[in-house]
Amino acid sequence: MTTTGIHPDNQVPELKDYNVYTSDPALRGAVERGGAAWRDEELVRQGAEYGAEATLRAAEDANRHEPELHTHSRTGERIDQVRFHPAWHTMMAIARRNGIANLPFFDERPSAWVGYGASLYMHSQIESGSTCPTTMTKACIPVVRRNAALHAVLRDKLASNEHDPRDIPLEGKTSITVGMGMTEKQGGSDVRTNTTRAVPAGSGPWGSEFLLTGHKWFFSAPMCDGHLVLAKTEEHGSSCFFVPRWRPDGSRNAVHIQRLKDKVGNRSNSSSEVEFKEAWGVLVGEEGRGIPTIIEMATVTRLDCALASAGFMRQGFAQALHYARNRHAFGKALADQPVMTALLADMALESQAATLLAMGLASRFGSAAPLDTAWRRLLTPAAKFWNCKRAVAFTGEAMEVFGGNGYVEESPMGRLFREAPVNSIWEGSGNVMCLDVLRAVSRNPDDAHLVLDQLQEVATGEPRVLDALQSVRRMTQLPPQELEPQARRFTQRLVLAAQACLMLEHASAEESAAFLSSRFDPDWGPVTGISAGTSDPAALLRAAWR
């Protein structure tokens, strides 16, 4: 990115018509290391598309003109329909075309996960609401495969890269989106307290049929063509069902939308409360094994949260750096003021480490090797916790670089700031993620030692990182009643050590040294910025944007 010169009124021109991919060396390096160079040309195209002014305007319009719920037709017929501005469908079409709905499950190359991760990371920077139904669709694919007959019907519609916005029965659709319904008002994350019931209704061409009665408190993207839903059968308990918007006979299914959530952010995407009035569904997976079945979907979407939040940080950094280079105060550009240079350099490191963590984790999803499996089990909830948590503070810091200009709706920072918290809450809040890290350690202690051994090898010669790893290893030996209250501390130490090792492996000597000197400095924190000992903070900024 280049400085455009001083505006007559010292106002900063919009960051637009730039390439989101080629300007991000950390992302492009991760794609190459992850074996996805075969997708580089396509990602260059996508990067230009995401940075184009037309795409930025569509993203704005999709959030300004929010979805509207229409429960009944003008003649009183129940339709339960959410209507969107055309810009929403523009963003959905871009996401679908760019492989975010299906790439890693229909491309057999393990590196497809890396290629997918890069696309999601970029899309999230520009419009986040459309990633919700798109990534849920992708995550549902391995779950749907548990019902062979259902998968045979849906496969080509899931594989399609065309967005089909029509609200019609599945038979006539060229592509579909699939969401999920887990949480209920009385339980939230504790889905074992769910009360929705499923009564057997015979057997059909798609398998065992049931009628569901109950509710879901958060039913995201109700206009998806189907949802994977948790409900309890009398005989076996919690089970997973595919519940379509339209029944196989062509009639509307009895999934009644009660209202749309008035959310803090993610406003382009409709999230709802629904009631099931003997809604038709078909069993997916083994009856009574609903939670483990649908958790497979949640694990993949947790990776998505880590990727998207890394994208939020990258976009926040790019906007802040662009603004600071083009806004002048006290005789020089803001970016050249020493305290601002130090802050931006710290943000560059944070963004880079978040990108390396998320994309490095994505590269492990295409492999069954023991180390990669261990990384997925241990670091998926950890990365989801850390990237999502840091994105909230990071986007606030980026907004502050703009001063009052960032705190108005014409700025891109308001929407970015409001989007950040949703990933920290969606698919399990911070506490849930940290407890899942501990659960992974207790259930698979060999996995934890495998990951720690690998990180220790990378950290050879770096006593600060080795000390952190040793601390994590000692904590794994604590009794559960002592470790659980320290779940967040444990997870933070693990993630920072992992990020430090990734920086040692893949960043420049200057970048990794600056990261270690700051993140392992007891005085480092949200307000201190980069270590005063860093020799050339401006060099970090030059390296972060190309």
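**Terms and their grounds**

Mentor: Let us begin with Glu350, which, apart from its neighbours within four places in sequence, is in contact with Met313, Trp386, Arg390, Phe394, Arg519 and Trp524. Please bear in mind that this is a predicted model.

Trainee: What makes these residues contacts of Glu350?

Mentor: Contact means heavy atoms within 4.5 Å. Met313 and Trp524 are among the residues that meet this criterion with Glu350.

Trainee: Why is Glu350 called buried?

Mentor: Glu350, which lies in helix H10 (residues 338–364), has a relative accessible area of 4%. Buried means under 20%, and Glu350 is therefore buried.

Trainee: Which residues bring H9 and H19 together?

Mentor: Arg314, Phe317, Leu321 and Arg325 in H9 meet Leu541, Arg542 and Ala544 in H19. By class, this contact has four nonpolar, no polar and three charged residues. Helix H9 (residues 290–326) and helix H19 (residues 537–544) pack at about 115°, their axes being 12 Å apart, and H9 passes H19 in a left-handed crossing.

Trainee: What makes the space lined by Phe219, Cys224 and Val274, among others, a cavity?

Mentor: A cavity is a set of points where a 1.4 Å probe fits but cannot get out. Strand S6 (226–233), strand S7 (237–244) and strand S8 (255–260) each supply at least two residues of its lining.

Trainee: How is that lining divided by class?

Mentor: The lining of the largest cavity has eight nonpolar, two polar and two charged residues. Gly226 is one of the lining residues and counts as polar, because Gly is placed in that class.

Conventions: Residues numbered from 1 in each chain as written. Predicted model: local features only at pLDDT ≥ 70, side-chain atom pairs only at ≥ 80, totals over all residues. Heavy atoms only, no water. Axes fitted to C-alpha atoms, helices over the stretch in contact; angles between N-to-C directions. Helix = DSSP H or I, 4+ residues; strand = E, 2+ residues; numbered from the N terminus. Left-handed = near helix turned anticlockwise from the far one by under 90°. 1 Å grid on protein atoms, 1.4 Å probe; cavity = no way out; pocket = protein on both sides within 12 Å on 5 of 7 lines; lining within 4 Å. Buried < 20%, exposed > 50% of the residue type's maximum accessible area, 1.4 Å probe, protein only.
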